[in-house]
Amino acid sequence: MKRATLFLGAFLATFLWGSAFPCIKIGYQWMNIASSDTGSQMLFAGMRFFVAGLLVLLVGSIGSKKVLVPQRESGRLSPWWILWLLALTQTFLQYFFYYIGLAHVSGTKGSIMNAMGTLFTVLIGMIYFRNKPGICKMAGVGIGMSGVVVACFSGIGKGVSWLGEGALLISAVFIAIGNIVNKKASESQNPMLVTGWHLLLGGGMLVITGIGMDGFVEIADIHSGMLMAYLIFISAAGFGIWSYLLRHNPVENVAIFMFLTPVFGTLLSSILLREKMNQIVWISLIMVCLGIFMVQQEKPQKLE
């Protein structure tokens, strides 16, 4: 793949993911979803991911000229169990806490704290895959986590709370666990199949949870409808582009662009939500981006 294509695709995917932070906050306002209305937040998230999953499976089925259904390989367990596990961790539990947390913090702080998922992935990955940690990688994790701590006390929002920052940290842990499960699932299954089914199944769990908690999402005008359509597009297109880049490039060449997501999220939150960015926020953002950049510089080495 040409380098220009890699750059363009990575910029587009990270821009889409970064734009999700302020768009969800705007969605809460336009659809009259209060910060305490967890049921409606879950229904809002579930509708988005369920439809996105359907779109990914539809596009993937058309592209491969066959219906994307997981196939069991000889001598292996049914692939459905790992898809359900992925749906539980990377979609349901991650976004259960993510949508709650984002309702209680600013879009700027949410963008920065969400980057903890990348750093947790490094730590959990080193343990699970028994990779030997290098100095640069560990320093990057330390700098990135320090940047998140700085963001928590940046003066943006109403202070630190369990429902805000606490929920986002739990969400980041499930991002990391989900990434590990996703890697295992993608070893034997089509990446589009894995993405579509975990969004569909996880979105269904969120919808059922939201309905069970008496949630209600009011899409009363064209603006709310277009916003929901854009959020669905973010999920489907973002994962689709990223999967395509990973298939045609070394993982480390793609993953290095992940630091752009909190950058776009912070800048777009400032523009769309009119959130003020003080010097502490800028310092925090630089630390997080530097940390993510550093952890991607070392190639993993197995422990003896």
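Helix H8 is mostly covered in this predicted model: 16 of its 22 residues are buried. From its first C-alpha to its last, H8 reaches 31 Å, close to the 32 Å expected at 1.5 Å a residue.

**H8 and its partner H2**

Two packed helices are described by the angle between their axes and the distance between the axes. Helix H2 (residues 38-64) packs with helix H8 (residues 191-212) at an angle of about 155°, and their axes lie 7 Å apart. An angle over 145 degrees counts as roughly antiparallel, so H2 and H8 are roughly antiparallel to each other. Their crossing is left-handed. What kinds of residues make up the contact of H2 with H8? They divide into 19 nonpolar, ten polar and no charged.

**A histidine inside H8**

Look next for His 198, which lies in helix H8. Is His 198 buried or exposed? With a relative accessible area of 1%, it is buried, because buried means under 20%. The side chain of His 198 has a polar contact with the side chain of Thr 91, at 2.7 Å.

Most residues other than glycine have a negative phi. Asp 214 sits in the loop between H8 and helix H9 (222-248). Asn 32 also has a positive phi, near 55°, in a residue other than glycine. Its place is the loop between helix H1 (3-30) and H2.

Helix H1 holds Thr 14. This threonine is buried, as its relative accessible area is 0%. A polar atom of the Thr 14 side chain lies 3.2 Å from the backbone oxygen of Phe 11. An α-helix has 3.6 residues a turn, so residues three or four places apart point the same way.

Glu 165 belongs to helix H7 (residues 162-186). At 2% relative accessibility, Glu 165 counts as buried. How far is Glu 165 from Asn 114 in sequence and in space? The two are 51 residues apart in sequence and 9.8 Å apart in space, C-alpha to C-alpha.

Here are the single residues described above, with their accessibility.

| Residue | Relative accessible area | Class |
|---|---|---|
| Thr 14 | 0% | buried |
| Glu 165 | 2% | buried |
| His 198 | 1% | buried |

**The whole chain**

Stepping back, how many helices and strands does the protein have? Its secondary structure comes to twelve helices and two strands. Along the sequence, the pattern reads α-α-α-α-α-β-α-α-α-α-α-α-α-β. The protein has 304 residues, and 54% of them count as buried.

Definitions and conventions: Residues are numbered from 1 along each chain as its sequence is written. This is a predicted model: local features need pLDDT of at least 70, side-chain atom pairs count only at pLDDT 80 or more; totals for chains, interfaces and linings use all residues. Side-chain values use heavy atoms; hydrogens and water are left out. Axes are lines fitted to C-alpha atoms, for helices over the stretch in contact, and angles run from 0 to 180 degrees between N-to-C directions. Helices (H or I, at least four residues) and strands (E, at least two) are DSSP runs, numbered from the N terminus. Angles under 35 degrees count as roughly parallel, over 145 as roughly antiparallel, 65 to 115 as roughly perpendicular and the rest as oblique. A crossing is left-handed if the near helix is turned anticlockwise from the far one by less than a right angle, and right-handed if clockwise. Ala, Val, Leu, Ile, Met, Phe, Trp, Tyr, Cys and Pro count as nonpolar, Asp, Glu, Lys and Arg as charged, and the others, Gly among them, as polar. The expected span of a helix is 1.5 Å times one less than its number of residues. Buried means under 20% relative accessible area, exposed over 50%, partly exposed in between (1.4 Å probe, protein chains only). A polar contact is a pair of N or O atoms within 3.5 Å; within protein, one must be able to donate a hydrogen and the other to accept it, and residues adjacent in sequence count only if both atoms are side-chain atoms.
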